[in-house]
Amino acid sequence: MVTPTKIHLKCVQMPVVLRLNILCTLILFLVSIQLAFAQAPENEQAIDSLEQLLISANPDTVRVNILNYLGNYYMASSPEKGKATASEALSLARDLNYYDGQIRSLANLSFVSSITGEWAKGLDLAFQGIQLARQHRPELELSFSSIIGLAYQKQKNYKKILEWTLKPLHSKSLTSRTTLMKGRMQDDTGTLSELTFPGFQIWSCAMMSSLGFAETGSIDSAFYYANQSLDAAKNSSLPDPMAGYSYAALAHVYMKTRQFDSSRVYFHKAMQI
């Protein structure tokens, strides 16, 4: 016999699990923040504008940047198209010895490989990006932490998630409140202006860390990092829906402790944003 309590728990659990599946695929590196707004009219306009710019773009660093921006938008609705665009950007960036473009292309390719099931390839591409960043753009190295965490999430290797996603959260330059508040997430055209936006780095890595701790039984730490992600979402210029995913992370932790009423409260908060 199915009791009202059992029905209640099923109603709480299933939506939260579905929400967390979305959450995990959205934990990514800085440049993919547009994924939450892929169908927005302004993003369609941005894609149209970038595609028009691409038609007349010479084979130079500007073209690489346009391709990388387009790859970000394409990955939301058509991962294969995003992968092809990022691959074109990487090839041209290598021909030009344009290291910034190579690093961003590798980040795009690593992310899209992981979300399409090629997590081993995703890891390899991320490590290539880290090596280049260390040599040419050290400030971009930490931007790969959440990408690597995503690849390990696909393997359910939670210890490895924590190994990588805790690194940026222990970086004093990244976690200072002054740094958190600096910068703009997007420029006036709607495209991302910088890969190392600190608010997003903290938000994404803290949420992945919360998942890792929740799945390994460290509940206090899971709560701590879920709240840290929520703080980053609220206190930096991240779009409002990002706070919704942080609430979903808190709902997940409460579910792990079988506090289903609290889990439901935070799930409803997540759905209202």
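A few ground rules come first. Residues are numbered from 1 along each chain as its sequence is written, and side-chain values use heavy atoms, with hydrogens and water left out. Since the model is predicted, local features need pLDDT of at least 70 and side-chain atom pairs count only at pLDDT 80 or more, while totals for chains, interfaces and linings use all residues.

**Rings**

Let's start with the aromatic pairs: the structure holds 7 of them. Rings of Phe, Tyr and Trp (its six-membered ring) pair if their centres lie within 6.5 Å; planes under 30 degrees apart count as stacked, over 60 as edge-to-face and the rest as tilted. Helices here are DSSP runs (H or I, at least four residues), numbered from the N terminus. Both tyrosines also belong to one aromatic cluster with F223 and Y247.

Is Y254 buried or exposed? Y254 counts as buried because its relative accessibility is 17%; the cut-offs are under 20% relative accessible area for buried, over 50% for exposed and partly exposed in between (1.4 Å probe, protein chains only).

| Lysine | Ring | Distance to ring centre |
|---|---|---|
| K81 | Y74 | 4.4 Å |
| K167 | W164 | 3.8 Å |

**Cores**

A nonpolar core is a set of buried Ala, Val, Leu, Ile, Met, Phe, Trp, Tyr and Cys residues joined through side-chain atoms within 4.5 Å. In the largest one, with 29 residues, L169 and W203 touch the most other members. Helices α8 (158–169), α11 (198–215), α12 (219–235) and α13 each give two or more residues to this core, and α13 supplies the largest share, 9 residues. A second, separate core has 27 residues, including M75 and L123.

**Positive phi angles**

Most residues other than glycine have a negative phi. N97, not a glycine, has a positive phi of about 55°. N97 is in the loop between α4 (79–95) and α5 (99–115), and is exposed at 52% relative accessible area. K156 has a positive phi too, near 60°. K156 is found in the loop between α7 (145–154) and α8, and is exposed at 58%.

Notes
A charge sits over a ring if NZ of Lys or CZ of Arg is within 6 Å of the ring centre and within 35 degrees of the ring normal.
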